[in-house]
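Work through the exercises below with the sequence and the coordinates at hand. Each task is followed by a solution in steps.

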Amino acid sequence: MSGQIFTGLKVADFTWAAAGPIMTKQLADNGATVVKIESRKHLDSMRLGGPYAGNTPGIDRSGFFADFNSSKLSMALDMTRPEARAVALRLARWADVVADSFRPGILDRWGIGYDTLRASNPGIIMISSSLYGASGPWRDHPGYGAQGAALAGIHGLTGWPDRLPSAPKGAYTDSVTPRYGLAALMAALIHRERTGEGQRIELSQVEAGVEFLAPEILRLQVSGEEVVRRGNSGESGIVHGVYPCAGEDRWIAIEARDEVEWDALVGVLGDLGDPREPGGLDGRVAAATGPHDGFELAGKLRAARVPAGVVARGSDLFEDPILREREHFRPLPHPEMGTVGYNGPAYRFSDTPTVLTRAAPCLGEDTDDVLRGLLGYTDDEVTDLRDSGILQ
């Protein structure tokens, strides 16, 4: 077995919140040395959001932050201080990749923009993720993933036709964008391997969301038909919805696409009336599923070859036999949070397996190790930096 897929790759990670850290997490979990630069003067917003371990708030106790930052190192550096620039430049000269997710221009203001870094490290690859991209009239406008999803058209497609648009859970473009960012970064790394040339990648989260809706946009252009909100109903088939089950807030998702699956569904649930009368069909299915335990019903339906799945709670996932068998959750010890299960990868490499090497770091936990071990500062130089007040 060889090393991990990104072993030897060095990343200076200036990203924060979700879209950027989700991307760099994939690098870290697959062997890259990722140094996260952060500061107590301007905390990563994920450190300030729950859920917290033991329901006790703390900047090193956020499960949200932890899930996006496994296998990384944390260096505390106050980039608002001019003295920090020399340390950041040294880190950038060490790195193969510099990542950030600020509004355009922030790194330039700090004196570590792409042109500056490229002058001393021609092979550097910089990937910058922002809501609106580095050009255009809104480049400097503030915003978060919820606004990005709305602008991309995702809110307008979510919900029921007779109700207001609904926001999908969380900042949706923060989940979509890292996938595009990783693909672009891999292409840039391949290009550098062939030519020795680095480059800058600038990524618009809104545009990533628009591209995510490519089928709907293509339909509009080809047929003139604009997709509208349709709740849980499907565009084809007989049954497509989420239905109640026994217990508090328990549900099951069921789909019957053709007569074969419809007959199998009826075989499990009993008479559901005429499927050609769709007006009350969802109500009849709901009445039939209501008395059943969701997990038992899902098992019976799958055995009958009807697509079905329980609407899982978070606590259900840790008991899920498929996720357990695939060892999806990786237990990692943390000095503040104890041992908790971290999301592993959705993919599996046959020869270079993903290994989550450590829990998410406490803020600044690795500052001295990074300065001495990676950047070559002496003990006296580290002491001087700490005395200057920039390592916080």
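**Exercise 1: a helix pair**

Val210, Glu211 and Phe212 of H8 are in contact with Ala214, Pro215 and Ile217 of H9. The model is a predicted one.

Task: Classify the contact of H8 with H9 by residue class, then describe how the two helices pack.

Solution. Step 1: by class, the contact comprises 5 nonpolar residues, 1 charged residue and no polar ones.

Step 2: two packed helices are described by the angle between their axes and by the distance between those axes. For H8 (residues 205–212) and H9 (residues 214–223), the angle is about 65° and the axes are 5 Å apart.

Step 3: angles of 65 to 115 degrees count as roughly perpendicular. H8 and H9 are therefore roughly perpendicular to each other.

**Exercise 2: aromatic rings**

Task: How many aromatic pairs does the structure hold, and how are the rings of Tyr132 and Trp138 arranged?

Solution. Step 1: the structure holds 7 aromatic pairs.

Step 2: the ring centres of Tyr132 and Trp138 lie 5.2 Å apart, with the planes at 85°, so this pair is edge-to-face; the cut-off for that class is over 60 degrees.

Step 3: Tyr132 has a relative accessible area of 12% and is buried, whereas Trp138, at 42%, is partly exposed.

Step 4: one aromatic cluster is formed by Trp16, Phe102 and Trp110.

**Exercise 3: charges over rings**

Task: Over the face of which residue does Arg47 lie, and over which does Arg163 lie?

Solution. Step 1: Arg47 lies over the face of Phe65, 3.8 Å from the ring centre.

Step 2: Arg163 lies over the face of Trp160, at 4.9 Å from the ring centre.

Conventions:
Residues are numbered from 1 along each chain as its sequence is written. This is a predicted model: local features need pLDDT of at least 70, side-chain atom pairs count only at pLDDT 80 or more; totals for chains, interfaces and linings use all residues. Side-chain values use heavy atoms; hydrogens and water are left out. Axes are lines fitted to C-alpha atoms, for helices over the stretch in contact, and angles run from 0 to 180 degrees between N-to-C directions. Helices (H or I, at least four residues) and strands (E, at least two) are DSSP runs, numbered from the N terminus. Angles under 35 degrees count as roughly parallel, over 145 as roughly antiparallel, 65 to 115 as roughly perpendicular and the rest as oblique. Contact means heavy atoms within 4.5 Å. Ala, Val, Leu, Ile, Met, Phe, Trp, Tyr, Cys and Pro count as nonpolar, Asp, Glu, Lys and Arg as charged, and the others, Gly among them, as polar. Rings of Phe, Tyr and Trp (its six-membered ring) pair if their centres lie within 6.5 Å; planes under 30 degrees apart count as stacked, over 60 as edge-to-face and the rest as tilted. Buried means under 20% relative accessible area, exposed over 50%, partly exposed in between (1.4 Å probe, protein chains only). A charge sits over a ring if NZ of Lys or CZ of Arg is within 6 Å of the ring centre and within 35 degrees of the ring normal.
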